Amino acid sequence: FFMYGELTDKKTIEKVRQTFDNYESNCFEVLLYKKNRTPVWFYMQIAPIRNEHEKVVLFLCTFKDITLFKQPIEDDSTKGWTKFARLTRALTNSRSVLQQLAPMNKAEVVHKHSRLAEVLQLGSDILPQYKQEAPKTPPHIILHYCAFKTTWDWVILILTFYTAIMVPYNVSFKTKQNNIAWLVLDSVVDVIFLVDIVLNFHTTFVGPGGEVISDPKLIRMNYLKTWFVIDLLSCLPYDIINAFENVDEGISSLFSSLKVVRLLRLGRVARKLDHYLEYGAAVLVLLVCVFGLVAHWLACIWYSIGDYEVIDEVTNTIQRESWLYQLALSIGTPYRYNISGSGQWEGGPSKDSLYISSLYFTMTSLTTIGFGNIAPTTDGEKIFSVAMMMVGCKSLVHPDPSSCAWRFLWAFTPTI
(Lines give C-alpha, C1' and ligand atoms only; values in the text may rest on other atoms or scores of the structure.)
Protein backbone atom coordinates (compact mmCIF):
# COMPACT_ATOMS: atom_id res chain seq x y z
CA PHE A 1 0.00 0.00 0.00
CA PHE A 2 1.46 3.34 -1.03
CA MET A 3 0.44 6.83 -2.09
CA TYR A 4 2.02 10.02 -3.35
CA GLY A 5 3.23 12.80 -1.05
CA GLU A 6 5.08 16.11 -0.85
CA LEU A 7 8.15 15.10 -2.86
CA THR A 8 6.21 13.36 -5.64
CA ASP A 9 6.55 15.21 -8.91
CA LYS A 10 3.29 17.07 -9.66
CA LYS A 11 3.74 16.70 -13.42
CA THR A 12 4.06 12.95 -13.04
CA ILE A 13 0.85 12.84 -10.99
CA GLU A 14 -0.97 14.73 -13.72
CA LYS A 15 0.40 12.41 -16.40
CA VAL A 16 -0.85 9.40 -14.46
CA ARG A 17 -4.32 10.93 -14.21
CA GLN A 18 -4.39 11.71 -17.93
CA THR A 19 -3.32 8.16 -18.72
CA PHE A 20 -6.31 6.77 -16.79
CA ASP A 21 -8.71 9.36 -18.19
CA ASN A 22 -7.66 8.73 -21.80
CA TYR A 23 -7.50 4.92 -21.43
CA GLU A 24 -3.86 4.90 -22.58
CA SER A 25 -0.85 2.77 -21.79
CA ASN A 26 2.21 4.47 -20.34
CA CYS A 27 5.10 4.07 -17.92
CA PHE A 28 6.56 6.41 -15.30
CA GLU A 29 9.26 6.72 -12.67
CA VAL A 30 7.44 8.05 -9.64
CA LEU A 31 8.24 8.59 -5.97
CA LEU A 32 5.54 7.12 -3.70
CA TYR A 33 5.18 6.63 0.04
CA LYS A 34 4.40 3.61 2.16
CA LYS A 35 2.02 3.67 5.11
CA ASN A 36 4.89 4.48 7.46
CA ARG A 37 5.77 7.49 5.23
CA THR A 38 8.86 5.79 3.84
CA PRO A 39 9.59 7.11 0.32
CA VAL A 40 10.03 4.48 -2.39
CA TRP A 41 10.86 4.94 -6.07
CA PHE A 42 8.75 2.84 -8.47
CA TYR A 43 8.83 2.12 -12.15
CA MET A 44 5.09 2.19 -12.84
CA GLN A 45 3.52 0.67 -15.95
CA ILE A 46 -0.16 1.20 -16.82
CA ALA A 47 -2.07 -0.73 -19.46
CA PRO A 48 -5.82 -0.73 -20.19
CA ILE A 49 -7.56 -4.12 -20.35
CA ARG A 50 -10.35 -4.40 -22.92
CA ASN A 51 -13.23 -6.84 -23.10
CA GLU A 52 -14.71 -8.54 -26.14
CA HIS A 53 -16.57 -5.32 -27.02
CA GLU A 54 -13.33 -3.30 -27.14
CA LYS A 55 -14.31 -1.39 -24.00
CA VAL A 56 -11.79 -0.76 -21.23
CA VAL A 57 -13.05 -2.57 -18.15
CA LEU A 58 -9.96 -2.30 -15.91
CA PHE A 59 -6.32 -1.25 -15.84
CA LEU A 60 -3.28 -3.45 -15.30
CA CYS A 61 -0.73 -1.59 -13.17
CA THR A 62 2.68 -3.03 -12.39
CA PHE A 63 5.12 -1.51 -9.89
CA LYS A 64 8.85 -2.29 -9.82
CA ASP A 65 10.92 -1.02 -6.92
CA ILE A 66 13.82 1.02 -8.34
CA THR A 67 14.78 2.77 -5.11
CA LEU A 68 18.22 1.11 -5.21
CA PHE A 69 18.95 2.79 -8.51
CA LYS A 70 17.71 6.20 -7.40
CA GLN A 71 18.97 6.52 -3.84
CA PRO A 72 21.25 3.86 -2.27
CA ILE A 73 19.91 2.86 1.15
CA GLU A 74 22.23 3.39 4.10
CA ASP A 75 21.86 0.76 6.85
CA ASP A 76 24.06 -0.57 9.69
CA SER A 77 25.92 -2.99 7.45
CA THR A 78 26.96 -0.26 5.00
CA LYS A 79 27.97 2.53 7.32
CA GLY A 80 31.27 4.02 6.29
CA TRP A 81 30.97 2.75 2.72
CA THR A 82 31.27 5.12 -0.13
CA LYS A 83 28.27 5.81 -2.33
CA PHE A 84 29.93 3.87 -5.14
CA ALA A 85 30.37 0.81 -2.90
CA ARG A 86 26.77 0.92 -1.74
CA LEU A 87 25.56 1.29 -5.31
CA THR A 88 27.70 -1.67 -6.41
CA ARG A 89 26.24 -3.83 -3.66
CA ALA A 90 22.73 -2.74 -4.56
CA LEU A 91 23.21 -3.57 -8.21
CA THR A 92 24.62 -6.99 -7.32
CA ASN A 93 21.69 -7.82 -5.04
CA SER A 94 19.15 -6.55 -7.57
CA ARG A 95 20.40 -8.35 -10.66
CA SER A 96 16.94 -9.62 -11.52
CA VAL A 97 15.49 -6.11 -11.46
CA LEU A 98 18.34 -4.86 -13.59
CA GLN A 99 17.72 -7.58 -16.16
CA GLN A 100 14.06 -6.56 -16.45
CA LEU A 101 14.87 -2.90 -16.97
CA ALA A 102 18.06 -3.18 -19.05
CA PRO A 103 17.72 -2.59 -22.81
CA MET A 104 18.12 -5.60 -25.05
CA ASN A 105 21.21 -6.07 -27.23
CA LYS A 106 21.07 -6.28 -30.99
CA ALA A 107 21.00 -10.08 -31.05
CA GLU A 108 17.91 -10.11 -28.86
CA VAL A 109 16.36 -7.46 -31.07
CA VAL A 110 16.87 -9.65 -34.12
CA HIS A 111 15.62 -12.90 -32.62
CA LYS A 112 13.17 -11.82 -29.89
CA HIS A 113 12.08 -8.39 -30.96
CA SER A 114 8.41 -9.06 -31.55
CA ARG A 115 7.24 -10.46 -28.21
CA LEU A 116 9.57 -9.45 -25.38
CA ALA A 117 9.81 -5.79 -26.38
CA GLU A 118 6.03 -5.55 -26.81
CA VAL A 119 5.34 -7.17 -23.45
CA LEU A 120 7.78 -4.83 -21.69
CA GLN A 121 6.03 -1.86 -23.30
CA LEU A 122 2.59 -3.22 -22.30
CA GLY A 123 1.04 -1.77 -25.43
CA SER A 124 -2.76 -1.97 -25.57
CA ASP A 125 -2.62 -3.42 -29.08
CA ILE A 126 -0.78 -6.58 -27.92
CA LEU A 127 -2.54 -7.11 -24.61
CA PRO A 128 -4.72 -10.19 -24.44
CA GLN A 129 -8.44 -9.48 -24.77
CA TYR A 130 -9.50 -10.36 -21.26
CA LYS A 131 -12.99 -11.79 -20.97
CA GLN A 132 -14.81 -12.73 -17.82
CA GLU A 133 -15.17 -16.46 -17.68
CA ALA A 134 -18.74 -17.64 -17.26
CA PRO A 135 -19.15 -19.46 -13.94
CA LYS A 136 -19.66 -23.20 -14.15
CA THR A 137 -23.27 -24.03 -13.35
CA PRO A 138 -25.28 -27.26 -13.31
CA PRO A 139 -26.99 -28.13 -16.62
CA HIS A 140 -30.46 -27.12 -15.42
CA ILE A 141 -29.35 -23.75 -13.96
CA ILE A 142 -29.66 -20.57 -16.07
CA LEU A 143 -27.31 -17.60 -15.69
CA HIS A 144 -29.28 -14.49 -14.75
CA TYR A 145 -27.38 -12.35 -17.29
CA CYS A 146 -27.48 -14.66 -20.31
CA ALA A 147 -29.21 -13.54 -23.53
CA PHE A 148 -32.22 -15.82 -23.05
CA LYS A 149 -32.90 -14.66 -19.48
CA THR A 150 -32.47 -11.00 -20.44
CA THR A 151 -34.98 -11.35 -23.28
CA TRP A 152 -37.35 -13.22 -21.01
CA ASP A 153 -37.12 -10.50 -18.35
CA TRP A 154 -38.10 -7.86 -20.90
CA VAL A 155 -41.11 -9.94 -21.91
CA ILE A 156 -42.13 -10.18 -18.25
CA LEU A 157 -41.70 -6.42 -17.82
CA ILE A 158 -43.92 -5.67 -20.81
CA LEU A 159 -46.60 -8.05 -19.54
CA THR A 160 -46.30 -6.48 -16.09
CA PHE A 161 -47.07 -3.06 -17.57
CA TYR A 162 -50.02 -4.62 -19.40
CA THR A 163 -51.22 -6.05 -16.10
CA ALA A 164 -50.71 -2.73 -14.31
CA ILE A 165 -53.03 -1.08 -16.84
CA MET A 166 -55.74 -3.73 -17.21
CA VAL A 167 -56.09 -4.98 -13.62
CA PRO A 168 -57.21 -1.66 -12.05
CA TYR A 169 -59.56 -1.06 -14.98
CA ASN A 170 -61.19 -4.49 -14.70
CA VAL A 171 -61.51 -4.25 -10.91
CA SER A 172 -62.94 -0.71 -10.88
CA PHE A 173 -65.30 -1.03 -13.84
CA LYS A 174 -66.24 -4.60 -12.89
CA THR A 175 -65.82 -5.94 -16.38
CA LYS A 176 -66.74 -9.55 -16.94
CA GLN A 177 -64.33 -11.32 -19.25
CA ASN A 178 -66.96 -12.64 -21.66
CA ASN A 179 -64.90 -11.68 -24.67
CA ILE A 180 -63.14 -14.87 -25.77
CA ALA A 181 -60.20 -13.01 -27.34
CA TRP A 182 -59.42 -11.08 -24.14
CA LEU A 183 -59.95 -14.20 -22.05
CA VAL A 184 -57.44 -16.14 -24.14
CA LEU A 185 -54.93 -13.28 -24.00
CA ASP A 186 -55.18 -13.02 -20.21
CA SER A 187 -54.86 -16.82 -19.93
CA VAL A 188 -51.67 -16.72 -22.01
CA VAL A 189 -50.31 -14.00 -19.70
CA ASP A 190 -51.09 -16.18 -16.68
CA VAL A 191 -49.28 -19.14 -18.27
CA ILE A 192 -46.23 -16.99 -19.01
CA PHE A 193 -46.15 -15.80 -15.40
CA LEU A 194 -46.37 -19.43 -14.29
CA VAL A 195 -43.42 -20.36 -16.53
CA ASP A 196 -41.53 -17.42 -15.05
CA ILE A 197 -41.94 -18.97 -11.60
CA VAL A 198 -40.42 -22.22 -12.84
CA LEU A 199 -37.50 -20.37 -14.45
CA ASN A 200 -36.84 -18.36 -11.29
CA PHE A 201 -36.32 -21.63 -9.40
CA HIS A 202 -33.48 -22.39 -11.85
CA THR A 203 -31.86 -18.96 -12.27
CA THR A 204 -28.67 -17.79 -10.58
CA PHE A 205 -28.57 -14.64 -8.48
CA VAL A 206 -25.91 -12.31 -7.08
CA GLY A 207 -24.97 -12.98 -3.46
CA PRO A 208 -24.25 -10.37 -0.79
CA GLY A 209 -20.53 -10.48 -1.60
CA GLY A 210 -21.07 -9.93 -5.33
CA GLU A 211 -20.58 -13.60 -6.20
CA VAL A 212 -22.84 -15.54 -8.57
CA ILE A 213 -24.84 -18.13 -6.62
CA SER A 214 -25.55 -21.25 -8.71
CA ASP A 215 -26.30 -23.77 -5.98
CA PRO A 216 -29.87 -25.09 -6.67
CA LYS A 217 -30.76 -25.27 -2.97
CA LEU A 218 -29.66 -21.69 -2.30
CA ILE A 219 -31.52 -20.48 -5.39
CA ARG A 220 -34.75 -22.12 -4.28
CA MET A 221 -34.46 -20.82 -0.73
CA ASN A 222 -33.71 -17.28 -1.92
CA TYR A 223 -36.69 -17.26 -4.31
CA LEU A 224 -39.06 -18.70 -1.71
CA LYS A 225 -38.04 -15.96 0.74
CA THR A 226 -38.44 -13.08 -1.75
CA TRP A 227 -40.79 -13.12 -4.75
CA PHE A 228 -42.39 -16.58 -4.79
CA VAL A 229 -45.61 -15.74 -2.91
CA ILE A 230 -46.23 -12.57 -4.93
CA ASP A 231 -45.50 -14.30 -8.23
CA LEU A 232 -47.75 -17.21 -7.32
CA LEU A 233 -50.68 -14.94 -6.46
CA SER A 234 -50.13 -12.95 -9.64
CA CYS A 235 -50.38 -15.94 -11.97
CA LEU A 236 -53.61 -17.46 -10.62
CA PRO A 237 -56.34 -17.56 -13.35
CA TYR A 238 -58.74 -15.02 -11.81
CA ASP A 239 -60.23 -14.10 -15.18
CA ILE A 240 -61.16 -17.68 -16.02
CA ILE A 241 -62.90 -18.05 -12.63
CA ASN A 242 -64.81 -14.80 -13.11
CA ALA A 243 -65.86 -15.85 -16.61
CA PHE A 244 -68.25 -18.46 -15.24
CA GLU A 245 -71.79 -17.12 -14.88
CA ASN A 246 -72.63 -19.21 -11.82
CA VAL A 247 -69.83 -17.78 -9.68
CA ASP A 248 -71.11 -16.07 -6.55
CA GLU A 249 -70.88 -12.26 -6.72
CA GLY A 250 -68.92 -12.07 -3.46
CA ILE A 251 -66.37 -14.64 -4.57
CA SER A 252 -66.07 -12.93 -7.95
CA SER A 253 -65.38 -9.59 -6.25
CA LEU A 254 -62.80 -11.25 -4.01
CA PHE A 255 -60.93 -12.72 -6.99
CA SER A 256 -61.12 -9.40 -8.81
CA SER A 257 -59.60 -7.66 -5.80
CA LEU A 258 -56.83 -10.25 -5.48
CA LYS A 259 -55.75 -9.38 -9.01
CA VAL A 260 -54.40 -6.11 -7.60
CA VAL A 261 -51.58 -8.19 -6.05
CA ARG A 262 -50.09 -8.35 -9.54
CA LEU A 263 -49.24 -4.68 -9.26
CA LEU A 264 -46.52 -5.57 -6.74
CA ARG A 265 -44.55 -6.89 -9.69
CA LEU A 266 -43.89 -3.26 -10.58
CA GLY A 267 -41.24 -3.30 -7.85
CA ARG A 268 -39.17 -5.42 -10.20
CA VAL A 269 -39.71 -2.89 -12.97
CA ALA A 270 -38.48 -0.06 -10.75
CA ARG A 271 -35.28 -1.93 -9.84
CA LYS A 272 -34.75 -3.21 -13.37
CA LEU A 273 -34.92 0.23 -14.94
CA ASP A 274 -33.00 2.05 -12.22
CA HIS A 275 -29.69 1.93 -14.11
CA TYR A 276 -31.28 3.81 -17.04
CA LEU A 277 -31.86 6.92 -14.91
CA GLU A 278 -28.46 8.34 -15.84
CA TYR A 279 -29.67 9.00 -19.41
CA GLY A 280 -31.75 12.14 -20.01
CA ALA A 281 -34.00 10.68 -22.71
CA ALA A 282 -34.68 7.57 -20.62
CA VAL A 283 -35.60 9.72 -17.62
CA LEU A 284 -38.06 11.69 -19.76
CA VAL A 285 -39.70 8.54 -21.10
CA LEU A 286 -39.92 7.03 -17.60
CA LEU A 287 -41.46 10.22 -16.24
CA VAL A 288 -44.16 10.19 -18.91
CA CYS A 289 -44.87 6.49 -18.35
CA VAL A 290 -45.02 6.84 -14.56
CA PHE A 291 -47.25 9.91 -14.81
CA GLY A 292 -49.63 8.18 -17.22
CA LEU A 293 -49.73 5.04 -15.08
CA VAL A 294 -50.47 6.98 -11.88
CA ALA A 295 -53.16 9.00 -13.65
CA HIS A 296 -54.71 5.75 -14.89
CA TRP A 297 -54.79 4.27 -11.38
CA LEU A 298 -56.28 7.44 -9.91
CA ALA A 299 -58.90 7.54 -12.68
CA CYS A 300 -60.00 4.04 -11.74
CA ILE A 301 -60.25 5.04 -8.06
CA TRP A 302 -62.12 8.25 -8.96
CA TYR A 303 -64.72 6.28 -10.92
CA SER A 304 -65.05 3.70 -8.12
CA ILE A 305 -65.86 6.46 -5.61
CA GLY A 306 -68.50 7.94 -7.89
CA ASP A 307 -70.01 4.53 -8.71
CA TYR A 308 -70.22 3.68 -5.01
CA GLU A 309 -71.92 6.94 -4.03
CA VAL A 310 -74.18 7.70 -6.99
CA ILE A 311 -76.87 5.15 -6.00
CA ASP A 312 -77.88 4.40 -2.43
CA GLU A 313 -78.64 0.69 -2.47
CA VAL A 314 -80.42 0.82 0.90
CA THR A 315 -83.02 3.43 -0.09
CA ASN A 316 -82.65 2.80 -3.86
CA THR A 317 -82.29 6.52 -4.48
CA ILE A 318 -79.81 8.41 -6.61
CA GLN A 319 -77.47 11.07 -5.26
CA ARG A 320 -77.87 14.05 -7.51
CA GLU A 321 -74.67 15.74 -6.20
CA SER A 322 -72.43 12.93 -7.47
CA TRP A 323 -70.13 13.73 -10.35
CA LEU A 324 -71.47 10.72 -12.26
CA TYR A 325 -75.01 12.08 -12.12
CA GLN A 326 -73.85 15.53 -13.23
CA LEU A 327 -71.81 14.03 -16.07
CA ALA A 328 -74.79 11.96 -17.23
CA LEU A 329 -76.96 15.10 -17.42
CA SER A 330 -74.30 17.12 -19.25
CA ILE A 331 -73.77 14.55 -22.03
CA GLY A 332 -77.45 13.68 -22.41
CA THR A 333 -77.48 10.15 -20.96
CA PRO A 334 -79.23 10.58 -17.59
CA TYR A 335 -79.91 7.85 -15.08
CA ARG A 336 -83.50 6.57 -15.15
CA TYR A 337 -85.38 4.37 -12.75
CA ASN A 338 -86.99 1.06 -13.71
CA ILE A 339 -86.91 1.50 -17.49
CA SER A 340 -86.83 -2.22 -18.24
CA GLY A 341 -88.94 -3.23 -15.24
CA SER A 342 -85.98 -4.45 -13.19
CA GLY A 343 -86.76 -2.11 -10.31
CA GLN A 344 -83.30 -0.54 -10.45
CA TRP A 345 -81.63 2.61 -11.74
CA GLU A 346 -80.45 2.25 -15.32
CA GLY A 347 -78.87 4.31 -18.07
CA GLY A 348 -76.03 6.70 -17.50
CA PRO A 349 -72.83 7.23 -19.55
CA SER A 350 -71.08 4.32 -21.23
CA LYS A 351 -67.99 2.81 -19.65
CA ASP A 352 -65.75 4.28 -22.33
CA SER A 353 -67.10 7.74 -21.66
CA LEU A 354 -66.78 7.24 -17.91
CA TYR A 355 -63.13 6.16 -18.17
CA ILE A 356 -62.19 9.01 -20.50
CA SER A 357 -63.89 11.54 -18.21
CA SER A 358 -62.18 10.05 -15.14
CA LEU A 359 -58.76 10.14 -16.81
CA TYR A 360 -59.40 13.70 -17.97
CA PHE A 361 -60.21 14.79 -14.39
CA THR A 362 -57.14 13.09 -12.85
CA MET A 363 -54.84 14.52 -15.54
CA THR A 364 -56.08 18.06 -14.94
CA SER A 365 -55.85 17.63 -11.17
CA LEU A 366 -52.31 16.19 -11.22
CA THR A 367 -51.12 19.01 -13.46
CA THR A 368 -52.96 21.54 -11.20
CA ILE A 369 -54.99 22.90 -14.14
CA GLY A 370 -58.55 21.96 -13.15
CA PHE A 371 -61.04 23.48 -15.61
CA GLY A 372 -63.96 22.76 -13.27
CA ASN A 373 -66.29 21.09 -15.79
CA ILE A 374 -65.84 17.90 -13.74
CA ALA A 375 -65.73 18.75 -10.06
CA PRO A 376 -66.01 16.85 -6.76
CA THR A 377 -69.23 17.46 -4.84
CA THR A 378 -69.57 14.75 -2.17
CA ASP A 379 -67.32 14.45 0.86
CA GLY A 380 -65.63 11.31 -0.44
CA GLU A 381 -64.89 12.93 -3.79
CA LYS A 382 -63.49 16.05 -2.14
CA ILE A 383 -61.19 14.07 0.17
CA PHE A 384 -59.84 12.07 -2.75
CA SER A 385 -59.35 15.25 -4.81
CA VAL A 386 -57.35 16.87 -2.00
CA ALA A 387 -55.08 13.81 -1.79
CA MET A 388 -54.64 13.82 -5.57
CA MET A 389 -53.73 17.52 -5.61
CA MET A 390 -51.09 16.91 -2.96
CA VAL A 391 -49.58 14.18 -5.15
CA GLY A 392 -49.61 16.55 -8.12
CA CYS A 393 -47.93 19.36 -6.17
CA LYS A 394 -45.19 16.99 -4.96
CA SER A 395 -44.57 15.88 -8.55
CA LEU A 396 -44.08 19.48 -9.62
CA VAL A 397 -41.72 20.25 -6.74
CA HIS A 398 -39.65 17.06 -7.28
CA PRO A 399 -40.03 16.19 -10.98
CA ASP A 400 -37.88 13.08 -10.99
CA PRO A 401 -38.56 9.34 -11.10
CA SER A 402 -37.63 8.95 -7.43
CA SER A 403 -40.60 11.06 -6.33
CA CYS A 404 -44.28 10.20 -5.96
CA ALA A 405 -45.27 6.94 -7.58
CA TRP A 406 -41.72 5.86 -8.40
CA ARG A 407 -40.66 6.26 -4.76
CA PHE A 408 -43.85 4.46 -3.71
CA LEU A 409 -43.00 1.49 -5.95
CA TRP A 410 -39.43 1.47 -4.67
CA ALA A 411 -40.27 1.62 -0.98
CA PHE A 412 -43.16 -0.83 -0.69
CA THR A 413 -41.72 -3.84 -2.50
CA PRO A 414 -39.47 -6.61 -1.16
CA THR A 415 -35.73 -6.14 -1.51
CA ILE A 416 -33.78 -8.88 -3.28
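This is a guided tour of the structure above, one selection at a time.

Before you start, note that this is a predicted model, in which local features need pLDDT of at least 70, side-chain atom pairs count only at pLDDT 80 or more, and totals for chains, interfaces and linings use all residues. Residues are numbered from 1 along each chain as its sequence is written, and side-chain values use heavy atoms, with hydrogens and water left out.

**The whole chain.** Show the protein as a cartoon, and you will see a secondary structure of 17 helices and ten strands; here helices (H or I, at least four residues) and strands (E, at least two) are DSSP runs, numbered from the N terminus. Of the 416 residues in the protein, 35% are buried, where buried means under 20% relative accessible area, exposed over 50%, and partly exposed in between (1.4 Å probe, protein chains only).

**The annotated segments.** Select residues 154-173, 180-199 and 279-303, which an unreviewed UniProt entry lists under "transmembrane region"; UniProt positions are given in the numbering used here, feature names are shortened, and annotations may be inferred rather than shown by experiment. Residues 154-173 are 100% helix and 0% strand, with end C-alpha atoms 29 Å apart, and residues 180-199 are likewise 100% helix and 0% strand, with their end C-alpha atoms 29 Å apart.

**Helix H8.** Next select residues 216-225, helix H8, where Pro 216, Ile 219 and Tyr 223 are buried. These three lie on the same side of H8 because they cover an arc of only 60 degrees around the axis, the arc being that of the directions from the helix axis to the C-beta atoms. Turn to the other side of H8, and you find Lys 217 and Lys 225, which are exposed.

**The largest nonpolar core.** Now select Leu 324 and Tyr 335, which touch the most other members among the 24 residues of the largest nonpolar core. Such a core is a set of buried Ala, Val, Leu, Ile, Met, Phe, Trp, Tyr and Cys residues joined through side-chain atoms within 4.5 Å. The elements that give two or more residues to this core are helices H6 (147-173), H13 (280-310), H14 (323-330), H15 (351-366) and H16 (379-397), and H13 provides the largest share, nine residues.

Stay with Tyr 335, which is found in strand E9 (residues 335-337) and counts as buried because its relative accessibility is 14%. Where does the chain come back to it? The C-alpha atoms of Tyr 335 and Gly 347, twelve residues apart along the chain, are separated by 4.7 Å. Leaving out residues up to four places away in sequence, Tyr 335 touches, among others, Val 310, Leu 324, Trp 345 and Gly 347, a contact being heavy atoms within 4.5 Å.

**The second largest pocket.** Select Lys 174, Tyr 303, Asp 307, Tyr 308 and Val 310, which are the closest to the centre of the second largest pocket among the 25 residues that line it. A pocket is found on a 1 Å grid over the protein atoms alone, as an open set of points where a 1.4 Å probe fits, with protein on both sides within 12 Å along at least five of seven lines, and lining residues have an atom within 4 Å of a point. About 650 Å³ of space lies in this pocket, and H13 gives the most to its lining, with six residues.

**A last stop.** Finish at Tyr 23, in the loop between helix H1 (10-21) and strand E2 (26-34), where phi is near 55 degrees, a positive value in a residue other than glycine. Tyr 23 is partly exposed, with a relative accessible area of 45%.

Key:
Grid points are joined across faces, edges and corners, and a volume is the space filled by probe spheres set on the points.
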